[in-house]
Structure formats: C-alpha cells, structure tokens
Amino acid sequence: MSEKNMRWGILSAAKIAREWVCPAIHMSDRGHVAAVASRDVDRAAAMAAPYGARAIEGYDALLADDDIDAIYIPLPNGAHVEWTKKCLEAGKHVLCEKPIALSADEIDGLIAARDASGKFAAEAFMVTHHPQWVRARELVQSGAIGKLNHVQAAFSFFNDDPDNIRNMPGQGGGALRDIGVYPSVVTRFVTGEEPDRIDAEIDWDMGIDATARVKAAFPGFNMDFYVSMRMAPRQSVTFHGDRGWLTVHAPFNAGAYGDEVLELRDADGVITLERFPRADQYRFQMEAFHATVFDGADYACTLEFSKGNQRMIDMIYAAAGTE
C-alpha cells in the first residue's frame, strides 16, 4: 500500500457494491478498486472492468492476494462475521456492510480479531458520515430545539420477492436487520445515548420480520419508530424538544429518496430549511475510512459503536418475544 492509495478488493459482485460502493471508492482521493472476487468470475470481470481492476475467482484467493490492502464485504448478512474475521486474519483492513453481526456478542470476537491483527475494521453505516447528520447532531446537542423529549422515525419499502435475500431467514433477512438499524444508529449518533428499555411488536411473513413497531426509552427522552418491507417507501426522522423540533427529510437514502434538507422550528416558531449540496455519503464514508487508516483520524462508527447498535436490535427482538 502506497502512503496515500489504498488498494481495495470487493468480496462479491453484489448490487450495492456495483451501484454505490465501487463508484465511491473510485471517486475517493486515496483509494481505488483493485480487484473484484466472485464465485462467478464472469460477474467479477463485468464489475471490475470500469475500474481497470482484476477479476478473481473465489473469495479465498482475494484474501491471499498481497496486492490488496482492504476488503469491502457486501455478502449476505449471515456471512459477515465469518468473512470479517477471515479478512482481518489475512492482514486486510475491512469495511463490512451492515449488519456486521446478527447479535451483539458476536462483535466482541470481531473487536478481538481487529486488535490482534493491527488492522482497521468497521461497519458500513454511510449515514454517520453524511454532513446532514453531522449538522443534525450539532443542532440537537447545542440546544437548538431545547431539551430533547422524543424521537420519531420511519423507514419502509416494498419487497415481497421470495428469492430476495432480505426475505430469507437463513440469510439473516428481515426488516430490522436491513433497515431497522438506521433509525437506531442515527438516534444513537445524534444523542450519544443508549436505550434502557424497549417494547416492540413484529409482523412475520416468509419467516422474517416484515414489519416492526418499536418504542424505546432512552435516558431523558423516548423514541418510537416503525420499519417495514411491506409498505410503500417512506423515510423520516424528527427530534422533538421542549423549544422546537428538527426533521431530517431524506435521512437514510439522501439524494435517492429525496433532497438533503433539515427543517428546524425554533423557540420563536420560525422554520428554517437548511439544504445541503447533493452529496455522496458513500464517498464520505470511504474518505473517512482512509483518513482513519492513513492519518489515525477518529472514525464515527467504530466496532464498539456498532456493538451498541446491535445490542439495541437484539433488545427489539427480545421485546417482541423472539431473539
């Protein structure tokens, strides 16, 4: 690895890698796509071609490649822990798609593997790197809405395809693991707090949690949200204080779902719209990853932070009567 150029390997030719993460690596200042690995070498070649990258047949061959510094993992959820550990043991930095684990306890093993390897590993929560969320945290923590009393959020889309991995229980599918992690992560990111108590209801379909309705008690404020894979697309997060409120209109798929706009109502009833230039949160994520590896910069979503998020998801399943 040259001082300012990280050579990335992509562990599978998954859609999110093709459409979002590979372009973000390509556009970043300090990294490039060097290789794509797949069990189907033709799929790997198709995804590698736009970047002049190599196509590699098989995942283990990518881990053994000395010309790869870091690996991005977009495998099915149930494979994340296994391959994150394998990548670290192979001496690679790792960025793994969420959820990085299916239970909080599993992340302890990843932290130990990270520390033993001396390499960096993180979960791919791109939202924590978007300027709108950095600004939302500043506004809430500076008292722009007074004392925070309540957070309300929603995230939904429609997908009832039985052949989609999100609908496969054996692949770690379900709405909570796919999108429920987002209302939880942004609330924890903005407030710095962890939930004390959770009540939840889950609607099951195809063996997965298709819809979840959650109420959570945090120190000093409450939260409620719903997530669903059986409803029309909707995204929203509102932080409601005793002096005002703040709404993030396109909180999770900024740009793709809607414009990056924060709506703030202050204590005088004045509503201000703060707009952000169209930004690629995946590129921000890659730049932050590189800054941590090259410069030792703080990272917004460490494995320790991820463990707190997975603990909240575990609490939701337990509260609904299923772990």
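Reader: Hi! Where is T128 found?

Author: Hello! T128 sits in the loop between β6 (121-123) and α6 (131-141). Helices (H or I, at least four residues) and strands (E, at least two) are DSSP runs, numbered from the N terminus. This is a predicted model, where local features need pLDDT of at least 70 and side-chain atom pairs count only at pLDDT 80 or more, while totals for chains, interfaces and linings use all residues. Residues are numbered from 1 along each chain as its sequence is written, and side-chain values use heavy atoms, with hydrogens and water left out.

Reader: Thanks! Is T128 buried or exposed?

Author: T128 is buried, with a relative accessible area of 3%. Buried means under 20% relative accessible area, exposed over 50%, and partly exposed in between (1.4 Å probe, protein chains only).

Reader: And which residues is T128 in contact with, leaving aside neighbours within four places in sequence?

Author: Those are V134, V185, F189, A300 and C301. Contact here means heavy atoms within 4.5 Å.

Reader: Switching to β4: which way do its residues point?

Author: In strand β4 (residues 70-73), A70 and Y72 point one way and I71 and I73 the other, and all are buried. In a regular strand the side chains alternate between the two faces of the sheet.
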